[in-house]
Amino acid sequence: MAIKQISVFIENKQGRLIAVTSCLAQNQVNILALSAADTADYGILRLIVDQPDLALAALKEAKFMVLETEVLGVATKDQPGGLNEALQVLEQEGINVDYIYAFFGHGSAARNIFKVDDIPAAEAALTKAGLHLLTAEEAGSPLV
């Protein structure tokens, strides 16, 4: 089950990050997970939110350059080797991981966002291996 991710391209200067979070807050959009990467001139803020369509529209209206991408949320064991198990499943199926980020939650599972080159194949392989695929809503709720 793919999750909609919002990527926001922002200048790497003071005030731009808070402009994004202020826009989302004003529109009552809750951030469930995020990743920020930067270069000297710009950054990419990747967000999982509770209302992706509203977030996308609000950010576009505020003149941000945004992109919607499908990603997978994967719960892994919160112990040494937990993430490696999921990566091995994908490797065995020849599925490339473009990027990954993790986020905090409640419960005993680690939560990860994977951008892969073949979402249907990754979903099938991870599910077959017994790994739990997350919904966006699960990002803000306890996992066992």
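Visitor: Is Gln-28 buried or exposed?
Guide: In this predicted model, Gln-28 has a relative accessible area of 63%. The cut-off for exposed is over 50%. Gln-28 therefore counts as exposed.

Visitor: Where does Gln-28 lie, and what is its phi?
Guide: Gln-28 belongs to the loop between H1 and strand S2 (31–38). Most residues other than glycine have a negative phi. Gln-28 is a residue other than glycine with a positive value, near 60 degrees.

Visitor: Where is Lys-63, and what is its phi?
Guide: Lys-63 sits in the loop between H2 and strand S4 (65–77). Lys-63 counts as exposed, at 72% relative accessibility. Its phi is positive in a residue other than glycine, near 70 degrees.

Visitor: In what order do the elements of the protein run?
Guide: The protein has 4 helices and 7 strands. From the N terminus on, the order is β-α-β-β-α-β-α-β-β-α-β.

Visitor: Why is the protein said to be as compact as a globular protein of its length?
Guide: For 144 residues the globule rule gives 15 Å. The value for the protein is close to that, so it is as compact as a globular protein of that length. The radius of gyration in question is 16 Å.

Visitor: Which element gives the most to the largest nonpolar core?
Guide: The largest nonpolar core holds 16 residues, and Val-8, Val-20, Leu-24, Leu-47, Leu-59 and Phe-64 touch the most other members. Two or more residues come from each of strand S1 (3–11), helix H1 (16–26), strand S3 (42–49) and helix H2 (52–61). With 4 residues, the element that gives the most is H2.

Visitor: Which residues does Leu-24 touch, not counting those up to four places away in sequence?
Guide: Contact here means heavy atoms within 4.5 Å. With residues up to four places away in sequence left out, Leu-24 touches Val-29, Ile-31, Leu-47, Ala-55 and Leu-59.

Visitor: How many residues are in the second core?
Guide: The second core is separate, and Leu-72, Val-74, Leu-126 and Leu-131 are included in it. In soluble globular proteins, nonpolar side chains tend to be buried together. The count for the second core is 14 residues.

Visitor: How far apart do the centres of the positive and negative side chains lie?
Guide: The protein has 10 positive and 18 negative side chains. The distance between the centres of the two sets is 5 Å.

Note on methods
Residues numbered from 1 in each chain as written. Predicted model: local features only at pLDDT ≥ 70, side-chain atom pairs only at ≥ 80, totals over all residues. Heavy atoms only, no water. Rg over C-alpha atoms; globule rule 2.2 N^0.38 Å. Lys, Arg positive; Asp, Glu negative; His and termini not counted. Charge placed at Lys NZ, Arg CZ, Asp CG, Glu CD. Core = buried A, V, L, I, M, F, W, Y, C linked by side-chain atoms within 4.5 Å. Buried < 20%, exposed > 50% of the residue type's maximum accessible area, 1.4 Å probe, protein only.
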